[in-house]
Amino acid sequence: MTDRGRYLCLVLRVGAVGLVLILLAGCRSGGRTDFGQAVPVIFDTDIGTDVDDAGALAILHILADKGEARILATMSANQNRWCAPAIDVINTYYGREDMPIGCSKTGPNPEKWYHDSVGDFPHDLSSSEDAPDAVGLYRKILATQPDNSVTIVVVGWLTNMADLLDSKPDRYSPLGGRELVEGKVKELVSMGGRWPNSPKGEGEYNFRMDGAAAHKVISEWPGKIMFTGLGKDVMTGGRLVAEGPKDNPVPAFYRNFFKGHKVSERSSWDLIAVLYAVRGLSDYFTAVSEGKCIGRKDGSNQWIPGQPSNHSYLVYKMPQAELAAVIEDLLLTRRVR
Ligand SMILES: [Ca+2]
């Protein structure tokens, strides 16, 4: 090879390495996946106590349709009889009628709005009692996943996470729950808490509904937790109800909720948790990581500033109205099958 040839070869190599570095930097700052891989997600909800759970599951399906997420399972921490059927109608509408559904057998059991429309849409599960125990299903699924790969997004109380930590070796895995989580879970995203602190004795709803579980998970979870807690002022659902397809159960659930509560929009707590779980900080959020959360058994929480720990909490970067438009556009995205 001539000197000129060697020089050209060197320039090309340096250029290629630079391009790879630029691509890597772009992936780290713009999202959670390396080179566009779908994020494997388990969705855990208290569906029925508020309507944002239905919206959150809907946008998770949409993000899966777009190739950004891969839904491994859908779980209810609310053991009410209507929860699994409500999840089933949404999974079925979005073409994932065989998606595994697990249900807590130990959690709280409130019954509110959701059953009003469940019967109007196709589904198989007629009662949560027919769904397998969520903890067993978690163990079965986690055992088969690559190490440090799974994102769990909990948009209700933390009952299933506490029960998973306490779970014993079984036919799916020789590991106890804590070791299984440590091996397989990349990140737990919890829609819970008020940040940086809840008023004394006034725990946020999801922590308060199972305060013992929140205390246990916050104290003992062996991996990274992102507490989201945002969404009160990010109002969505209005355009979905006005423009959403008639055969989609999610606008119907929102319509029931709006009618029952005499409102025309709803806060987006659970949808924001899903958005972060799949897209990461993106242009939407920043995170506070310097410190650690203390969770008390009454459901209250306090952030102790200090060295970075396995805890972080989310902070808005994008104005709330813009974030609402991003979410509403996702809610109105048509299913692909
Ligand atoms: Ca919820």
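A salt bridge here is a side-chain nitrogen of Lys or Arg within 4 Å of a carboxyl oxygen of Asp or Glu. By that criterion, this predicted model holds twelve salt bridges. Asp210 is buried yet has none, its nearest side chain of opposite charge, Lys297, being 10 Å away.

**Asp210**
- Asp210 sits in the loop between α8 (205–209) and α9 (211–220).
- Leaving aside residues up to four places away in sequence, Asp210 touches Pro108, Trp157 and Thr159.

**Calcium ion**
- The protein donors are Asp46 (OD), Asp53 (OD), Asp53 (OD), Val155 (O) and Asp270 (OD), at 2.3 to 2.6 Å from the ion.
- Asp46 belongs to the loop between β1 (39–45) and α2 (52–65) and Asp270 to helix α12 (residues 269–279), so this pair ties together parts 224 residues apart in sequence.
- Asp46 is buried, at 2% relative accessible area, and Asp270 is buried with a relative accessibility of 2%.

**Salt bridges**
- Glu68 pairs with Arg279, with 2.8 Å between the closest N and O atoms.
- Glu68 is in the loop between α2 and β2 (69–76) and Arg279 in helix α12, so the bridge ties together parts 211 residues apart in sequence.
- Glu68 is partly exposed at 24%, whereas Arg279 counts as buried at 18%.
- Asp170 and Arg139 form a salt bridge, the closest N and O atoms being 2.8 Å apart.
- Asp170 is partly exposed at 29%, while Arg139 is buried at 2%.
- Arg194 and Glu202 meet at 3.7 Å, N to O; Arg194 is partly exposed at 37% and Glu202 is partly exposed at 45%.
- Asp166, Lys216 and Glu220 are joined in a salt-bridge network.

Terms used. Residues are numbered from 1 along each chain as its sequence is written. This is a predicted model: local features need pLDDT of at least 70, side-chain atom pairs count only at pLDDT 80 or more; totals for chains, interfaces and linings use all residues. Side-chain values use heavy atoms; hydrogens and water are left out. Donors are N, O and S atoms within 2.8 Å of the metal (3.2 Å for Na, K and Ca); water is not among the atoms, so sites may look incomplete. Helices (H or I, at least four residues) and strands (E, at least two) are DSSP runs, numbered from the N terminus. Buried means under 20% relative accessible area, exposed over 50%, partly exposed in between (1.4 Å probe, protein chains only). Lys and Arg count as positive and Asp and Glu as negative; His and the chain ends are not counted. Contact means heavy atoms within 4.5 Å.
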